[in-house]
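Have the sequence and the model open as you read.

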Amino acid sequence: MMSLGSYLIISLILFVIGLVVMLSRKNIVAILLGIELILNAAALNFVAYSRYVTNNLDGHIFSLFIIVVAAAEAAVGLAIVIRFFQIKETIHIDEATQLRN
Amino acid sequence: MEYTVGSIAPIFLSPVIAFVINAFFGRKLPRQGDWLATLSIFISFIFSARIFGDFVFGQFATDFFIHKTFTWFDLSHGSQIWKVDMGIYLDNMSAIMLLMVSGVAFLIHLFSTWYMDHDEKHGRFFVFLPLFTSAMLGLVLSDNLFSLFIFWEIMGFCSYSLIGIYNKKEKAGDASLKAFMTTRVGDVFLLLGIVALWMLLGSVNYVDIYAAIAEGKFDGQSVLGISFATFAALCIFLGAMGKSAQFPLHVWLPDAMMGPTPGSALIHAATMVTAGVWVSLRMYPLMVLGDITWFIAVIGAITAFGAATIATVQTDIKAVLAYSTLSQLGYMIIGVGVGSYNAAFMHVITHACFKACLFLSAGSIIHSVHEQEMPKLGGLRKYLPYTHFAMMACTLAIAGIPFFSGFVSKDRILGDALYYGFMSGQNPLLAIVPILGFAGAGLTAFYMFRMMFLTFYGENKQHHDNHGHGHGHHDAKGHKSHGHDIHHEHLDVRQNVPLLILAVFTLGFWFSGTLTGQSFGNLFGAKTEWFKILVEAPQVEKFVNHKREDFSKMDTREQSHLEHAHYHHQTGYAGPNPDEHKLHSAHTIGAIASIFIAFAGVLLAFLMYIKKSVNPWATRFPGLTKVLQNKYGFDDFYIDVLIKKGLLGLNRGLAWIDMGIYDRYVVDGAAAVNRVMYKVAKWFDNVVIDAIGVDGTGVAVNLFNLVLRIVQSGKIQFYFIMLVMVLASYIWTLNF
């Protein structure tokens, strides 16, 4: 029988993987993938708590919102990345320093 | 007999429409639209004739009037009334005046179509002519002094344009400016008088002014130390003096002959100069209340006599007529002054007929002969028979020969002046009024017949002297004489018929009582003339509590709130007059004296210029002639003394005030103050605003910048780490 704890552990693993990807990779697309993992961890958390604790649909609706927002954010983020690549011919995150000085 | 606005307004509006069309599209119309102007005046004439017929033959009461009005603007607040009405005031006097103005103006227009033919200013002339006429008709219809003033100024502008219509001639330009500036002096006073009345009464409607006089609203009011009524009356009369060319504002009228002759006819006869007499008559109760009638009479007498003396030595045919106009206007003003209200008005009408005819005749002569200097004319009787006939009838009228219109009106004025000067117990010095009046009447007969004899009788000098050369003289029309033979005059609708029609109205019976059957053959019985019955000085008491009529309402005869006084009920002077016997004898003496004087003048002219048994003035009194030819030096006086000494001196004084005081102390002082202010402001700007405000902000931002740039590295993963650490620390502090 699956319990709340196993969901939380999966969620935690996803979150940590996402965080590590986000902080360590220099590729912007990889960073966006990390962010997606973190969002999915959060969504999994919502669904798990909704199923085992409150026992209503609030968490499901919230996770739907998260998926929609994540899709929109991915679209915007990828558009930025494409423009960035057109200008700089690279997607290395440390090149995005035009505002400095 | 119903009167709506629609049956009155076309009198004024149809010439206005003709003016607008001619002004904008005149060049495209056939004959440059002169037929349109003439037709529009004829329409006015038809409407005026209807009103005249109703008023005069419909036997309305003497004091019947139609008053339609609407409020133009209203500045009243509280109990103080300040408003200006616009409207129509129509009484017997305006009915007669409208018929005269439109009729005479129509004949002048008709004549002008002949006179101005092939003239370069033909179209322009027929733009101003209908506007001029419409302004005069509007002035006659006005029910208040404000709209009167508007039309008054339109006429001033039109006279300016007509006098200076040959704008390439310098003399014409000067004359038009002179006319404009001289009448302006009077106009300023008129406006002052109107504003004064408006201040006191809150309205400048004739009806309101009459009612205010009757209610005694002027009592105890004074301005500048003189009674208010005197002040207002004097101001309005000064305006009338400017327009009616009374001494000493008469200098513009003789120069006004620089325009085309029909234009002069319109200025001298039907419009313009009669406007001054008109406003004096309308404001007659105010003049009486202000007690300035003696002043009016004296001014009129001086003008009547002085202008007549100048006319005796003029050689230009139009100059003689111009000075005779001055003189006759003097008689009208005498009439206003001595209280012969309806005789003064009758003289306006009779004078308009014969003076228009005289000017048109002069135009006919000038156009036929291309010469207007009388010594170069003569014997024209054979060549211009119709013109001669018309001009002779008018000359007889203006000279005051019995059975002609001038006798009827002038004799009544002189009779009243005689009574006023000698028998009414006035100041004995006022005897000067009848003395100058009678002397001027004699001179009038003399100089008019001098003109006739020099022009139409004797030898024709044009015909056999210098053909083609010798007198390259420019006449008023700008033609050059080319020495052609004078053509015999034929009867022409546009050339002579207007003259002959006007000549018919120089007969006395139209104006005396003969026409209405009361005094057939009674030359001296002035009491029963239709003028006497229809026109009387406004009885101010009747205007108290006068109910206004709405502009759109129809007037019917039954609405007259006054009883109809019929011709046969009223006999001469209203009310018992203890001096009636004296007045009657004054009129009899005056009539006999004026007949005698007129014939003496004619005889003198005959002896001098036909028989040549008496030497003309020039050889007898060379000094006096020179003075008269200089017109008593008024032109020189105005230019040399008033303008060169007075006005230039005043200018210098003002320049000294401007440069010496205002520039030095006020302007330069303000500059010095500004300089100090500038220094203070500069210090404030440099130190407070720039150093502390602007630069201080920069320094402060710089300091923050030093701290913040450590954190704001631009490396996005550093931000992520910061974010995670902050969240972690938050959870940490939450849990422990």
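I21(B) counts as partly exposed, with 18 C-beta neighbours inside 10 Å. I21(B) sits in helix 1 of chain B, residues 5-25. Helices (H or I, at least four residues) and strands (E, at least two) are DSSP runs, numbered from the N terminus.

Leaving aside residues up to four places away in sequence, I21(B) touches G33(B) and L36(B). Two residues are in contact if their C-beta atoms, placed from the backbone, lie within 7 Å. W198(B) is 177 residues from I21(B) in sequence, and their C-alpha atoms are 36 Å apart.

## How the model is described

This is a predicted model, where local features need pLDDT of at least 70, side-chain atom pairs count only at pLDDT 80 or more, and totals for chains, interfaces and linings use all residues. Residues are numbered from 1 along each chain as its sequence is written, while chains are lettered from A and ligands numbered from 1 in the order in which they are written.

## A partner in a loop: G33(B)

G33(B) lies in the loop between helix 1 and helix 2 (34-57) of chain B. Is G33(B) buried or exposed? It counts as buried, with 25 C-beta neighbours inside 10 Å.

Beyond four places in sequence, G33(B) touches I21(B), N22(B), G26(B), G123(B) and F126(B). A175(B) is 142 residues from G33(B) along the chain, and their C-alpha atoms are separated by 27 Å.

## Chain B as a whole

Chain B has 26 helices and seven strands. Of its 736 residues, 49% count as buried. Take the contacts in chain B between residues at least 6 apart in sequence: 80% of them join residues at least 24 apart.

The largest nonpolar core has 218 residues. Such a core is a set of buried Ala, Val, Leu, Ile, Met, Phe, Trp, Tyr and Cys residues joined through C-beta atoms within 7 Å. V104(B), A270(B), A356(B) and C357(B) have the most contacts inside it. Helix 15 of chain B, residues 341-369, gives the most to this core, with 19 residues. Beyond four places in sequence, the residues that A270(B) touches include V104(B), I108(B), M136(B) and A356(B).

## Backbone details in two loops

The loop between helix 8 (228-243) and helix 9 (252-255) of chain B holds P248(B). A cis peptide bond joins F247(B) and P248(B), with omega about 0 degrees. A245(B) is found in the loop between helix 8 and helix 9 too. Its phi is positive, about 55 degrees, although A245(B) is not a glycine. A245(B) is buried, with 29 other C-beta atoms within 10 Å.

D291(B) is in the loop between helix 12 (284-289) and helix 13 (293-311) of chain B. Its phi is near 60 degrees, again a positive value in a residue other than glycine. D291(B) counts as exposed, with 12 C-beta neighbours inside 10 Å.

Helix 1 of chain A, residues 4-24, has 21 residues. From first C-alpha to last it reaches 30 Å, close to the 30 Å expected. The expected span is 1.5 Å times one less than the number of residues. L14(A), G18(A) and M22(A) are buried in this helix. Seen down the axis of helix 1, the buried residues fall within an arc of 70 degrees, so they line one face of the helix. The arc is that of the directions from the helix axis to the C-beta atoms. On the other side, exposed residues include G5(A), I9(A) and V20(A). Helix 2 (28-54) of chain A and helix 26 (716-735) of chain B are among what covers the buried residues.

The contact takes nine residues from chain A and seven residues from chain B.

## Confidence

The model scores ipTM 0.81 and pTM 0.71. Chain B has a mean pLDDT of 79, and 85% of its residues reach 70 or more. pLDDT is the predictor's confidence in each residue, from 0 to 100. Over residues 516-527 of chain B the pLDDT is below 50.

Methods
Buried ≥ 20, exposed ≤ 12 C-beta atoms within 10 Å, placed from the backbone.
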